Amino acid sequence: MTDSEDPVASLLEVLDLRDAGARTTEDIFTGVSQAMPFGRVYGGQVLAQSIVAASRTLSPERTVHSMHGYFLRPGDPADGITFSVDRIHDGRSFSTRRTQAYQAGVPIFSMIASFQDDDPGLEHAEPMPDGIPLPEDLPEFDPRGLHPLSRRMFSERPADVLHVPSPLYTSVEGPHVPRQAVWMRTRRRLPDDPAVHRAALAYLSDLTIQETILRAHGVAWSTPGLKVASLDHAMWWHRPGRVDDWLLYVQESPNARGGRGLSTGRIYTRDGLLVASVAQEIMVRVPTD
């Protein structure tokens, strides 16, 4: 089976960055992109790759716990990406890294991430909401009614995604409210390396978080002339979690105005353990006629 036939293999390939061997004041890595039907690099991909690049400059015991990044320009999936990592700070328990992703000599994504040794401390977590159907109780979406390009993106996605109450690909069913939940997992098992699962979780975190804004206004992805783009992304890793097991992504949008919307999310394991929190601001432009 080729990588084009195995989307998970394609995901693992883009996360396997190469050390360029160049040394300036920064560490340099290079990577490839997944082929994308709409000709733009998927934001979750370059986000995950930036996490991998920064992690390569630290010992495995010091793991990422937070990141804040900005999507600066659309990337071209046909071109390679260069990642430069600035070792901003290394302390007794924490390290800080700045990663910039470049194509054609200009940055397309800029991120600062913090890493920490595993330390004991106070602990609490917001519980997983009650009453959400299990993934086994939800119907699988039939992509045959989608536009051919959308159908290709759906089939080549490395993750299974199940919406609660329903997907927004062609229509918005049910109440128009700024919240939803999504079950997600990779389509097959990943290696046991926790670093791979942390990066893959960042990849998945960008898949559906924009939809709370669309759902609130009854706007489907298939709306002619709709333009949606991620502006920034913040993520906090709280606890370990495997992305090849079902994870529940609880999402809501507290605000939209001026062509922008804010979405937040919490990611839980199937048994209710809070794994990560996410926030993203999105540009949303809906045709007026």
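Arg 187 forms a salt bridge with Asp 160, and the closest N and O atoms are 3.4 Å apart. A salt bridge here is a side-chain nitrogen of Lys or Arg within 4 Å of a carboxyl oxygen of Asp or Glu. This pair links distant parts of the chain, 27 residues apart: Arg 187 is in the loop between β8 (179-186) and α4, while Asp 160 is in strand β7 (residues 159-164). Asp 160 is partly exposed too, with a relative accessible area of 24%.

A word on the ground rules. This is a predicted model, where local features need pLDDT of at least 70 and side-chain atom pairs count only at pLDDT 80 or more, while totals for chains, interfaces and linings use all residues. Residues are numbered from 1 along each chain as its sequence is written, and side-chain values use heavy atoms, with hydrogens and water left out.

Now the overall picture. The protein chain has five helices and twelve strands; these are DSSP runs, H or I of at least four residues for helices and E of at least two for strands, numbered from the N terminus. The radius of gyration is 19 Å, close to the 19 Å that the globule rule gives for 289 residues, so the chain is as compact as a globular protein of that length. For the record, that radius is taken over C-alpha atoms, and the rule is 2.2 Å times the number of residues to the power 0.38. Buried residues make up 47% of the 289.

Back to charges: the structure holds 14 salt bridges. One of them joins Arg 87 to Asp 27, with the closest N and O atoms 2.8 Å apart. Here Arg 87 sits in strand β4 (residues 81-90) and Asp 27 in strand β2 (residues 27-31), 60 residues apart. Arg 87 is partly exposed at 43% relative accessible area, whereas Asp 27 is buried at 7%. There is also a network of salt bridges linking Arg 189, Asp 192, Arg 242 and Asp 244.

Asp 232 is in strand β9 (residues 227-237), and its side chain reaches the backbone nitrogen of Glu 281 at 2.8 Å. That is a polar contact: a pair of N or O atoms within 3.5 Å, one able to donate a hydrogen and the other to accept it, where residues adjacent in sequence count only if both atoms are side-chain atoms.

Last stop, helix α4. Its twelve residues (194-205) should span 16 Å at 1.5 Å a residue, and the end C-alpha atoms are 16 Å apart, which agrees; the expected span is 1.5 Å times one less than the number of residues. Nine of the twelve are buried, among them His 197 and Tyr 203. Thanks, everyone!

Conventions
Buried < 20%, exposed > 50% of the residue type's maximum accessible area, 1.4 Å probe, protein only.
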